[in-house]
Amino acid sequence: MSQALKNGLDALLFVASSKSVGVTELASELGIDKSTASRVLATLQNANMVEKQQDTLRYSLGPAVLQMYEQYHRTLGVTAVARPVMERLAREMRESVHLGVLANDQAVIVEQVLSDSRLVVNAQLGGSEPLHCSSVGKCLLAFAPDGIRERLFSGLPLEAHTGNTITDLDRLQGELERIRRVGYAMDDEELSPGVRCVAVP
C-alpha cells in the first residue's frame, strides 16, 4: 500500500476512534513528523472527511463520512430488510440486536438496535468481531459456502480472548457442525467475560 494512502487511512481511523485529534497527537500515534501529520489532516479536510475546530485547532470527523455511511447502507440493502426485525427483537427481548455481514473475511457489524435496559451491549458500527469466538462470527462461518469457509480456515488466527475461547481447529469445526444442526450460534463468554450472545443467519 502507498505510504501516503496508509497514513491517510490510519489518520481517519484514529480520528474516528477519538472525539477530536490534534496534529501533535496524530503524529505521535502514527509515528510520523508533525508536518506530515498536518498535510494528511489538511488533505482529509479538503475532502470533508474531517473538520477543523477553529477554537481548539483540533480535528473531528467531517460530513463526508455520513455520505459514505449512507451510500454503504443503500448498496448493502440487507439493513432495510433487517431493521424492522431487529427492532422487534430488541423490544421483545430487551437486549441489543446487531447485524453482521462477512466483509473482507471478517464479521463486520453494519447495524444495531440498542436495548432500553440498564445493561447494554454496544457494538461499534463498522467494527469487526473475531470469526472463531463471537456468535455472529461463528454463525457466518457455519453457514458460509464450503469453499469460503475452507479459505477462511486456512488463515484464521484462533486467538484466546477468554478461558472459554475455542482455540483448537478440530473443536471449532465440531462447533460449526453443531451450529448448522441447531440453527443458531452462541458466544458463551468466549470473547468478553460476562457477555453471552446468540446469532442466527
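1. Contact, as used in this note, means heavy atoms within 4.5 Å. Leaving aside its neighbours within four places in sequence, Leu102 is in contact with Leu131, Leu140, Ile148 and Leu152. Leu102 is found in strand 3, where helices (H or I, at least four residues) and strands (E, at least two) are DSSP runs, numbered from the N terminus. At 32% relative accessibility Leu102 counts as partly exposed, a class that lies between buried, under 20% relative accessible area, and exposed, over 50% (1.4 Å probe, protein chains only). Leu102 and Ser128 are separated by 26 residues in sequence, with a C-alpha to C-alpha distance of 9.4 Å.

2. On provenance, this is a predicted model, in which local features need pLDDT of at least 70 and side-chain atom pairs count only at pLDDT 80 or more, while totals for chains, interfaces and linings use all residues. Residues are numbered from 1 along each chain as its sequence is written, and side-chain values use heavy atoms, with hydrogens and water left out.

3. As to the overall composition, the protein has eight helices and seven strands, and its C-alpha atoms fill a box of roughly 55 × 40 × 35 Å along the principal axes. Buried residues make up 35% of the 201 residues. Among the contacts with a separation of 6 or more, 45% come from residues 24 or more positions apart. The accessible surface comes to about 12100 Å², with 53% of it belonging to carbon and sulfur atoms; such areas come from the Shrake-Rupley method with a 1.4 Å probe, and for residues only the protein chains shown count as cover.

4. On charge, the protein has 20 positive and 25 negative side chains, and the centres of the two sets lie 4 Å apart. Here Lys and Arg count as positive and Asp and Glu as negative, with His and the chain ends not counted, and the place of a charge is taken as NZ of Lys, CZ of Arg, CG of Asp or CD of Glu.

5. The next point concerns the nonpolar cores, each a set of buried Ala, Val, Leu, Ile, Met, Phe, Trp, Tyr and Cys residues joined through side-chain atoms within 4.5 Å. In the largest of these, which has 18 residues, the members that touch the most others are Leu131, Leu141, Phe153, Leu156, Leu172 and Leu176. Two or more residues each come from strand 4 (106–113), helix 6 (135–143), helix 7 (146–154) and helix 8 (169–182), and helix 6 gives the most, with four residues. A second, separate core of 16 residues includes Val15, Ala27, Leu41 and Val50.

6. Beyond its neighbours within four places in sequence, Leu172 is in contact with His132, Lys138, Phe153, Leu156, Leu158 and Ile166. Lys138 has its place in helix 6 and is buried, with a relative accessible area of 0%.

7. On strand pairing, two strands pair if DSSP finds at least two bridges between them. An open sheet of three strands has the order 3-4-5 with antiparallel pairing, and its edge strands, which each pair on one side only, are strand 3 (97–103) and strand 5 (128–129). Strand 4 and strand 5 are joined by two bridges, and the partner of Val108 in strand 5 is Ser128.

8. Elsewhere, strand 1 and strand 2 (residues 58–61) run antiparallel and are joined by four bridges, with Gln53 bridged to Arg58 in strand 2. These two strands form a hairpin with four residues between them, and Leu57 in the turn has a positive phi of about 60 degrees. Strand 6 and strand 7 also pair in the antiparallel sense, over four bridges, and Met186 stands opposite Val198 in strand 7.

9. Finally, some backbone angles deserve a check, because most residues other than glycine have a negative phi. Asn48 has a positive phi near 60 degrees; Asn48 sits in the loop between helix 3 (34–46) and strand 1 (50–53) and is partly exposed, with a relative accessible area of 43%. Glu189 has a positive phi of about 55 degrees; Glu189 is found in the loop between strand 6 (185–188) and strand 7 (196–199), and at 21% relative accessibility Glu189 counts as partly exposed.
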